[in-house]
Amino acid sequence: MNKVDVKKDYVYYKKKEEKVIYHMADIHFNMNTKSSLFDKILKNIEKDKPDYIIITGDLLDTPEIIKNKSKIHELVDYLSRFASISKVIIALGNHDIYLDNGIKFFKKINEIKNIYVLINEDYIDDYIYVYGMMLPSEYYYNVLGYEDENILIDSIKKMKLNKPKNVFSIGLFHSPVCLTSENVINYLKDFNLILSGHMHSGMVPNIISKYSSGNRGIIGPFRKWFPKVCRGKVLLKDTLLIINGGVTKLSYKSARHLSKLNFLYNISINKIILTNDKIKCLKK
């Protein structure tokens with residue numbers, strides 16, 4: 001793995017006290033995941049001490065890893081170390097959910113102090129409201145061969161939001177693929193900010209991504225070429241969408257041999273500063 005690439009974004013909210021969110025996605029923890037990956041992330045967390053660490057899905061590469069007690073103990077240990085510094089809020093992705101054992105594991109993780117696994121549930125404190133959407137497997141895996149917008153809309157309609165007034169609201173949706181559809185956008189107005197992952201930055205090389213501010217990628221999940229929305233920020237009317245580029249770009253399950261090339265890509269983290277300083281928020 002290359003270095004950790006921390007991208008800073010200022011997002012406006014009304015409270016005086018600034019809050020910092022570390023946003024990650026697509027860790028794809030598997031038998032070949034090295035402790036050095038988490039050591040690098042932990043080093044940045046210890047330095048910045050964010051108020052929240054948010055993981056928007058695909059923490060696991062496959063739920064089958066849960067059967068390996070020593071390896072999963074390693075993951076739980078690092079999550080606990082994250083939680084000793086900040087609140088850790090986790091939503092689930094398509095790699096996390098296709099076995100019932102996966103749900104049981106995440107519910108167990110939810111028992112760890114300072115860790116909140118949101119399975120169509122919410123987290124509330126005095127500063128933020130967070131809802132974590134878990135879409136059914138058929139949203140991703142179906143006879144159509146693409147992510148099903150109608151299933152997303154049905155799932156959004158079923159959300160039970162307990163959002164207090166005047167609290168900054170965040171929606172966690174693993175995939176951003178259908179979020180930019182005109183049919184979907186109107187259903188997202190309850191959120192000030194949406195955080196996603198899933199797209200692995202469209203596999204755009206670091207050198208190109210550094211000098212290109214567009215959202216298009218080279219290849220997306222399920223081998224979709226040139227996806228339109230896979231990295232960066234997108235304004236959905238009054239809701240801001242931020243797509244994390246992924247901790248792991250090439251998952252072992254999806255690209256076993258190509259996953260050895262992960263060292264070519266940086267570990268992506270979004271450092272999101274919630275602030276009432278409008279001048280800071282004008283910065284790109």
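Four bridges join strand E9 to strand E13 (residues 239-243), and the two strands run parallel. On this predicted model, E9 also pairs in the parallel sense with strand E8 (residues 168-172), over three bridges. The protein chain as a whole holds eight helices and 14 strands, and 54% of its 284 residues count as buried.

**The chain as a whole**

- Among the contacts in the protein chain with a separation of 6 or more, 73% are between residues 24 or more positions apart.
- The accessible surface of the protein chain comes to about 14000 Å², and 51% of this area belongs to carbon and sulfur atoms.

**A buried leucine in a loop**

- Leu118 is found in the loop between strand E5 (115-117) and strand E6 (121-124), and it counts as buried because its relative accessibility is 3%, where the cut-off for buried is under 20%.
- Leaving aside residues up to four places away in sequence, Leu118 touches Ile89, Ile90, Ala91, Tyr123, Val130, Tyr131, Gly132 and Leu172.

**Aromatic pairs**

- The structure holds 10 aromatic pairs, and one of them, formed by Tyr13 and Phe168, is edge-to-face, with 5.8 Å from centre to centre and 85° between the planes.
- This pair links distant parts of the chain, 155 residues apart, with Tyr13 in the loop between strand E1 (4-12) and strand E2 (19-24) and Phe168 in strand E8.
- Tyr13 counts as buried at 3% relative accessibility, and Phe168 is likewise buried, with a relative accessible area of 7%.
- The rings of Phe29 and Phe38 have their centres 6.0 Å apart and their planes at 55°, so this pair is described as tilted.
- Both Phe29 and Phe38 are buried, and together with Tyr78 and Phe82 they form one aromatic cluster.

**Salt bridges**

- A search of the whole structure finds seven salt bridges, including one in which the side chains of Asp51 and Lys19 meet at 3.8 Å, N to O.
- Asp51 lies in the loop between helix H1 (35-48) and strand E3 (52-56), whereas Lys19 lies in strand E2, so the pair ties together parts that are 32 residues apart in sequence.
- Asp51 counts as partly exposed at 27% relative accessibility, while Lys19 is buried, with a relative accessible area of 9%.
- Asp51 and Lys19 are linked with Glu17 in a network of salt bridges.
- The side chains of Asp48 and Lys271 also meet in a salt bridge, at 3.3 Å, N to O, and this pair links Asp48 in helix H1 to Lys271 in strand E14 (residues 267-275), 223 residues apart.
- Asp48 is partly exposed, with a relative accessible area of 26%, whereas Lys271 counts as buried at 16% relative accessibility.
- Glu74 forms a salt bridge with Lys71, the closest N and O atoms being 3.5 Å apart, and the two residues are separated by about one helical turn because they lie three residues apart in helix H2 (residues 69-83).
- Glu74 is partly exposed, with a relative accessible area of 21%, and Lys71 counts as buried at 11% relative accessibility.

- His198 has a positive phi of about 75° although it is not a glycine; His198 is found in the loop between E9 and helix H7 (206-211) and is buried, with a relative accessible area of 3%.
- Lys237, which is not a glycine either, has a positive phi of about 60°; Lys237 has its place in the loop between strand E12 (232-236) and E13 and is exposed, with a relative accessible area of 52%.

**A nonpolar surface patch**

- Val143, Leu144 and Tyr146 form a nonpolar patch on the surface, and together they have about 360 Å² of accessible area.
- Tyr146 is placed in the loop between helix H4 (137-140) and helix H5 (149-157) and is partly exposed, with a relative accessible area of 47%.

Notes:
Residues numbered from 1 in each chain as written. Predicted model: local features only at pLDDT ≥ 70, side-chain atom pairs only at ≥ 80, totals over all residues. Heavy atoms only, no water. Pairing = 2+ DSSP bridges. Buried < 20%, exposed > 50% of the residue type's maximum accessible area, 1.4 Å probe, protein only. Contact = heavy atoms within 4.5 Å. Patch = residues over 30% accessible without salt bridge, like charges linked within 9 Å, V, L, I, M, F, W, Y side chains within 5 Å. Areas by Shrake-Rupley, 256 points an atom, 1.4 Å probe, with all protein chains shown as cover. Salt bridge = Lys/Arg side-chain N within 4 Å of Asp/Glu carboxyl O. Phe/Tyr/Trp six-rings, centres within 6.5 Å; stacked < 30°, edge-to-face > 60°.
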